[in-house]
Amino acid sequence: MKMSDIDIRDAFFDKVYAIAQKDRNIVFLTDDMGAYSLDTFKKTLSDQFINVGVAEQNMISVAAGLALGGKKVFAYGIAPFITMRCYEQIKVDLCCMNLPVTIVSVGAGYTYGSDGPTHHAIHDIAIMRSLPEMTILNPSDAAMTAACAEISYKNNGPCYVRIERGKLPQIYDNHGNDFSEGLKCLKSGADITIIATGEMVHRAFKVAERLAQYSIDAGVIDFYRIKPVNENLLIEFLNHSKKVATIEENSIIGGIGTIASEILSDNNKQIPLKRMAVNDYHCYKYGDREWLNALAGLDEDNIVKKILDWI
C-alpha cells in the first residue's frame with residue numbers, strides 16, 4: 001500500500017502500536033478521542049491504553065506521573081485543547097522535569113473550521129515553542145508522520161507532534177529517511193525560497209509551479225522540525241535565494257514566519273522576507289478548511305498573487 005493511501009493519523013498510531021508491542025513501558029493516553037487505528041491498540045494492548053475522558057489537564061498530569069514511574073507516554077487530543085488548555089501542566093509537570101512524554105495533537109490550523117475559534121489551532125506553535133525543553137514536529141506526509149512516532153519515542157524529553165487528518169500526497173519514501181536534519185530542501189530556487197510546514201508544504205509546491213509560469217524560480221523547504229531549529233542548514237539553503245517567503249496556517253505571531261525572521265536577523269542576513277499566515281484576529285466565520293484558508297488569504301491563488309505583487 002502506498003503511504004498516500006494511508007490516513008495520516010493511522011500512519012502515526014500504527015507505528016506507535018508496533019513499537020508498543022515490543023516495549024511494554026509505552027502507555028497511550030487519550031482524552032476520549034479515537035481513531036480507526038487506535039481500536040486495535042485498545043483491544044490487544046488494553047493494559048497500555050487509558051482513556052482519561054474529557055479532562056486534558058488531568059491527562060497531562062497523569063502522563064507526568066507515569067513518566068516518573070518509568071513509562072514512555074503518548075497523550076493524544078485535539079490541538080487547541082491539549083496545548084492551550086493544558087499549558088501550565090505542560091510547563092510545570094512535563095517541561096520543568098524534562099519528562100519523556102509525547103503530546104500528539106490532531107486538527108492543525110482550520111481543520112475543525114466548522115466549530116469556530118474554540119477549535120482553531122493557529123496559536124499552538126507559538127505557545128509551545130516558548131517552552132525551553134520542548135521539541136516540536138510537524139510532518140507533511142504519512143511517511144514522515146510514521147517516522148515522527150519513532151523520533152518522539154526515542155526523544156528523552158517532552159515532544160509535541162502536530163498530525164493532520166485524512167490522506168495527503170506522498171513526498172518522502174517509506175524507507176531511507178531518518179529526518180534528523182529537521183528540514184529538507186525539496187526544491188531549490190534562485191529567485192525565492194518558500195518555507196512551509198505540515199499540509200502547507202503541498203501548497204508550496206503548487207505555488208512554485210504557478211510561479212514558474214512567470215519565469216520565477218521558486219524553491220520549497222519543508223520545515224518539519226519547528227524546534228529545535230537547524231539554523232545552520234536553514235541559512236545554508238537560504239543563501240542561494242534572493243528572497244524568502246513563509247506560508248503557514250498559523251497566526252502571523254510566533255509561527256514559522258517569526259522563526260525565519262529571528263534567524264535571518266540573528267545571523268545578519270539581509271534577505272527580504274515575506275510572511276504569509278493568519279492575521280492577528282479570531283475568525284468567527286464558519287466553513288470548511290479550504291474556505292477558511294481562502295478567507296485568510298492562504299489559498300493557492302492568493303499566495304501566488306501576494307508573491308507576484310511583492311516581487
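Student: How many residues does helix α7 have, and what span does it reach?

Tutor: Helices are DSSP runs of H or I with at least four residues, and strands are runs of E with at least two, numbered from the N terminus. The expected span is 1.5 Å times one less than the number of residues. Helix α7 (residues 142-154) has 13 residues and reaches 19 Å from first to last C-alpha, close to the 18 Å expected. This is a predicted model, in which local features need pLDDT of at least 70 and side-chain atom pairs count only at pLDDT 80 or more, while totals for chains, interfaces and linings use all residues. Residues are numbered from 1 along each chain as its sequence is written, and side-chain values use heavy atoms, leaving out hydrogens and water.

Student: Which residues of α7 are buried?

Tutor: Buried means under 20% relative accessible area, exposed over 50%, and partly exposed in between (1.4 Å probe, protein chains only). The buried residues of α7 include Met-144, Cys-148 and Ser-152.

Student: Where do the partners of the salt bridge between Asp-301 and Arg-210 lie?

Tutor: Side chains of opposite charge can pair when their charged atoms come close. A salt bridge places a side-chain nitrogen of Lys or Arg within 4 Å of a carboxyl oxygen of Asp or Glu. Asp-301 and Arg-210 meet at 3.0 Å, N to O. Asp-301 belongs to helix α12 and Arg-210 to helix α8, 91 residues apart. Asp-301 is partly exposed at 48%, and Arg-210 is partly exposed at 23%.

Student: How many residues separate Asp-309 and Lys-305 in helix α12?

Tutor: They are four residues apart, so about one helical turn separates Asp-309 from Lys-305. Their side chains form a salt bridge of 2.8 Å, N to O.
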